[in-house]
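Open the model in your viewer and keep the selection panel within reach. We will go stop by stop, with a few questions on the way.

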Amino acid sequence: MPQQPYPVPDLTHRLVPSPAGRIHLVEQGSGPLVLLVHGFPESWYSWRRQLPALAAAGYRAVAVDVRGYGRSSRPGDVAAYRMLELVEDNVAVVQALGERSAVVVGHDWGATIAANSALVRPDVFRAVGLLSVPYSPRGGPRPSEVFAGMGGDEEFYVSRFQEPGRVEAEIEPDVRGWLAGFYAAFSADTMPAPDAPDPHFAGRGTTLRERFPAGRPGWLSGDELDFYAGEFERTGLTGALNRYRNMDRDWEDLAAFDGAPVTQPSIFLGGSLDASTTWLADALAAYPTTLPALAASHILDGCGHWIQQERADEVNRILTDWLASLPR
């Protein structure tokens with residue numbers, strides 16, 4: 001069993017079958033199932049501060065390693081990381097745990113996976129919580145075309161991530177250092193000043209890391225960074241990055257859901273300093289249409305992107321209050 005630098009007692013680790021082969025999950029508590037889905041570049045461990053809080057509130061809290069991460073399977077085919085496959089992984093986890101339904105909560109890419117899980121499988125996912133990345137229905141131009149048009153003379157990070165092998169070559173010589181910089185770049189206490197070069201972009205012929213700040217954010221201890229780095233040093237980054245390499249496939253796969261709302265009970269939490277919140281203000285404004293059963297949209301003042309780690313107590317309070325309002 002791996003050591004957890006942030007001590008979380010009474011955790012149960014499991015490997016369960018899924019279309020990927022296996023999904024590694026960590027669970028705590030008993031009661032209605034709450035499935036927690038992480039983003040990039042994270043792991044189940046990103047929910048280490050939520051697992052005990054949800055368990056104490058009377059829920060069966062389960063955090064997964066998304067396909068491509070940690071101890072979950074890492075298929076070799078890039079197309080195996082398309083959204084519909086990840087939705088089916090979540091369904092398989094619910095079934096493997098002997099449950100019929102779950103509330104699904106996601107952060108970053110996990111928020112998009114959670115929203116699509118609710119959209120595609122409303123028979124399984126009865127409510128959805130979204131952290132940091134707002135729900136925006138499928139539509140518009142092909143995603144790769146949108147990203148290629150961003151940044152002018154500079155290149156948007158997603159476009160770099162979409163090219164197989166390119167960002168791996170930047171990250172893997174110093175995984176720990178790159179992760180530290182990436183986390184710092186989008187944390188409230190360490191992100192660059194508003195007039196500094198934007199770390200979401202990089203000049204052609206340069207690396208993203210050149211724009212990352214020095215230092216480590218306050219929410220991340222050296223031991224916790226070691227845990228993240230150890231996971232990616234063992235697995236490599238390709239499985240994680242393959243999520244970005246399927247955005248055009250997702251756009252094609254989800255054509256039947258163009259413009260579709262997520263109608264289950266929902267909640268959104270974002271950081272006021274997070275570009276995922278500010279750039280997607282139109283998506284937030286559209287929530288009366290796209291999330292008609294939204295309970296609330298919480299924007300945490302002075303918070304960056306890593307919301308459940310930066311502001312764990314506040315996020316835990318909001319989530320447990322919302323969960324208590326749902327039919328059990």
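In which loop does Asp 108 lie? Select Asp 108 and find the loop between β5 (102–107) and α3 (109–120). One note before going on: this is a predicted model.

**Stop 1: Asp 108**

Keep Asp 108 selected and check its backbone. Its phi is positive, about 60 degrees, although Asp 108 is not a glycine. Is Asp 108 buried or exposed? The relative accessible area of Asp 108 is 10%, and buried means under 20%, so Asp 108 counts as buried.

**Stop 2: Ser 132**

Next, select Ser 132. Look for it in the loop between β6 (125–131) and α4 (143–148). What is the phi of Ser 132? The angle is positive, about 80 degrees, and Ser 132 is not a glycine. Now show the surface. Ser 132 has 0% relative accessibility, so it counts as buried.

**Stop 3: Phe 40 and Pro 41**

Select Phe 40 and Pro 41 together, and display the backbone atoms. What kind of peptide bond joins Phe 40 and Pro 41? The bond is cis, with omega at about -10 degrees. To place Pro 41, colour the strands and helices: Pro 41 sits in the loop between β3 (33–37) and α1 (51–56).

**Stop 4: Glu 172**

Move to Glu 172. The loop that holds Glu 172 runs between α6 (166–171) and α7 (175–185).

Then zoom in on Leu 237. A polar atom of the Glu 172 side chain lies 3.0 Å from the backbone nitrogen of Leu 237.

Glu 172 and Gly 222 are 50 residues apart in sequence, and their C-alpha atoms are 19 Å apart in space.

**Stop 5: Asp 250**

Select helix α10, residues 247–253, and pick out Asp 250 within it. Asp 250 has 8% relative accessibility; the limit for buried is under 20%, so Asp 250 counts as buried.

What does Asp 250 touch, leaving out residues up to four places away in sequence? Show the side chains of Arg 82, Met 83 and Arg 243. Now draw a C-alpha to C-alpha line from Asp 250 to Ile 23. The line covers 21 Å, and 227 residues separate the two in sequence.

**Stop 6: the whole chain**

Clear the selection and zoom out. The chain has 15 helices and 10 strands. Its radius of gyration is 18 Å, close to the 20 Å that the globule rule gives for 328 residues, so the chain is as compact as a globular protein of that length.

How much of the chain counts as buried? The share is 56% of the 328 residues.

Finish with the surface and the charges. The accessible surface of the chain comes to about 12,600 Å², and carbon and sulfur atoms account for 51% of it. Colour by charge to see 28 positive and 41 negative charges, whose mean positions are 5 Å apart.

Note on methods:
Residues are numbered from 1 along each chain as its sequence is written. This is a predicted model: local features need pLDDT of at least 70, side-chain atom pairs count only at pLDDT 80 or more; totals for chains, interfaces and linings use all residues. Side-chain values use heavy atoms; hydrogens and water are left out. Helices (H or I, at least four residues) and strands (E, at least two) are DSSP runs, numbered from the N terminus. The radius of gyration is taken over C-alpha atoms; the globule rule is 2.2 Å times the number of residues to the power 0.38. Buried means under 20% relative accessible area, exposed over 50%, partly exposed in between (1.4 Å probe, protein chains only). Accessible areas come from the Shrake-Rupley method with a 1.4 Å probe; for residues, only the protein chains shown count as cover. Lys and Arg count as positive and Asp and Glu as negative; His and the chain ends are not counted. The place of a charge is taken as NZ of Lys, CZ of Arg, CG of Asp or CD of Glu. A polar contact is a pair of N or O atoms within 3.5 Å; within protein, one must be able to donate a hydrogen and the other to accept it, and residues adjacent in sequence count only if both atoms are side-chain atoms. Contact means heavy atoms within 4.5 Å.
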